[in-house]
Amino acid sequence: MHQCHCSTTTQRIRLASSMIAHEGIYGHVSQLSREYDLSRQSLSKLRTIGKKGMGSVFCPKEQQTREEVRIKRGVLTLLVEGHASREGIQKCLEELLGVHVSTGKISSIIHEAGKQAQAYLNHQIPTGKRPWALDEQYGSERGKAYLNIVDVWSGLVLASIAPVAVDTESWMLLLWQMQEQGIQSKLTVSDGGKAILDAVQKVIPGQVHQRDVWHVLHECQKVQGRVKRAVNQLHEQTPKVERQAKRVAAGQKPRGKKPKTDVVAHAKDIQQMEYVASSLCYLTCELKRLLGVVVLKDQGILGSKERQEELNTLLDLFSEVYEITPRPLKEEVKKLVRHVQLALPGLVSFCPELDAVQQRVRDQLGEAAVHLIGWAWQRRAILEPKTEKLATDFVPAWRPMVAQLFEAWNEAVRSSSAVENWHSILRPFIAVHRHLCADLLAILAVWHNHRVAPRGLHQGQSPLMRAGLAKEPTDWLVALGYSHLPFPAPPQGQSSIVPSEPEMESIAA
């Protein structure tokens, strides 16, 4: 027997209409299944699609609402994922969806979403005390900057405000706002800005304020680079000095304003500058080691007191290097020594809290055991990045103590990289929009807080999940009230699945 197949749009329309018209009639579905060689599931899908098509025609308001939500989701997605301007969003919507949306409408969509995002952020309050990373990010306005506060442990953006004057009063107002929302701080960390430090001391007196380690190490690297360039310049001058010495030996007058004619003295200058360069490199490496969370020694770990003694000795060595530095770079090294000296008390603020945990484990397991645990933690990237699994590699009797040490070391705060990461996210948006208003900052903060890490140690987790505010990944647009629409709108020009009146009459006949 010849089988008819549902291969054209007209046939699918007829089948869907027939399924709707004869819904509930016994045997009709089986008859169509045998006649058109289609499964019952396929026929049910056609009926569902037909009902949706009829609903979109006979319920235009509902369809219009769905279309508006889809456009709003498209505008906001292009805004944050594509770093698009309002004009760019308009062009993309025209090319992809065939829909023209005015820039005024796009601005109103962003403004509406921004108000919802600000209200949403006011209720994102992590439980307990959290470490805050504070920093300013300068934009196009002179003397003004974006003030940002980010949770160090989770990367959750707690506050991000539009450009204001960078002074103590601005930071005090933001810190008071955080306290009014009920967000508590365990400690604060920054790059050493005076305005931030003054505001923290006035608003949260007695609060531990950690100085960012990597900013200080970056200053050391900059001075090292200048010294290295000076060494290269001296080496490049060696042939010139040799030529000048030959002219003097031949009884000729040397050329240039301040010619160098002494080859031996020039070699001593090179030797001295190379010694300064190697000394700075060594001292910087030692400074980086001593500012680590775990500092190993022979069969043990350095405590706060021993660490401070080592750092004081390191400062004395920095001063000695300054004394022997040649005049052209003497002022640079002097500024570096002063910078490290002033920053040092804040650089080791995280150490006293670790002493109690390390001493407790040292009393129970011994100095050698603590040394081994610290050695494993320093190499966790090779052994096992997740410390929970790494702790299981130790003998069962050690595991409770190992877990305590790992938790204390993991939670030690010595850098403001969390807020620096947020700055790297804002930077391209500042380049596109020139100025980020409060609405746009709130939208970006909500989007960032819902972003799931695609790889790395926190793979599959968002800042909200790491902060304990969510158990599973959620859509940031749904959180702002824009429902998820799984089926895209049909492109313009596509045939409707709703049959015409003559077709309906023929089917009924």
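I started with Glu 219, which counts as partly exposed because its relative accessibility is 28%. My cut-offs, with a 1.4 Å probe and protein chains only, are under 20% relative accessible area for buried, over 50% for exposed, and partly exposed in between. A reminder to myself: this is a predicted model, where local features need pLDDT of at least 70 and side-chain atom pairs count only at pLDDT 80 or more, while totals for chains, interfaces and linings use all residues. Residues are numbered from 1 along each chain as its sequence is written, and side-chain values use heavy atoms, with hydrogens and water left out.

**Around Glu 219.** I found Glu 219 in helix 9 (residues 213-249). Helices here are DSSP runs of H or I with at least four residues, strands are runs of E with at least two, and both are numbered from the N terminus. Leaving aside residues up to four places away in sequence, Glu 219 touches Leu 336 and His 339; contact means heavy atoms within 4.5 Å. His 339 is 120 residues from Glu 219 along the chain, yet I read 8.4 Å between their C-alpha atoms.

**Helix 18 and helix 19.** Next I looked up how helix 18 (residues 417-433) packs on helix 19 (residues 438-450): the angle is about 140 degrees and the axes are 12 Å apart. The axes are lines fitted to C-alpha atoms over the stretch in contact, and angles run from 0 to 180 degrees between N-to-C directions. The two helices are therefore oblique to each other; angles under 35 degrees would be roughly parallel, over 145 roughly antiparallel, and 65 to 115 roughly perpendicular, with the rest oblique.

I then listed who meets whom. From helix 18 come Trp 422, Ile 425, Leu 426, Phe 429 and His 433, and they meet Leu 440, Leu 441, Leu 444, Ala 445, Trp 447 and His 448 of helix 19. By class, this contact has nine nonpolar, two polar and no charged residues. Nonpolar covers Ala, Val, Leu, Ile, Met, Phe, Trp, Tyr, Cys and Pro, charged covers Asp, Glu, Lys and Arg, and the others, Gly among them, are polar.

**Two positive phi values.** Arg 434 sits in the loop between helix 18 and helix 19, with phi near 70 degrees. Arg 434 is exposed, at a relative accessible area of 57%. Gln 299 has phi near 55 degrees and lies in the loop between strand 6 (296-297) and strand 7 (300-301).
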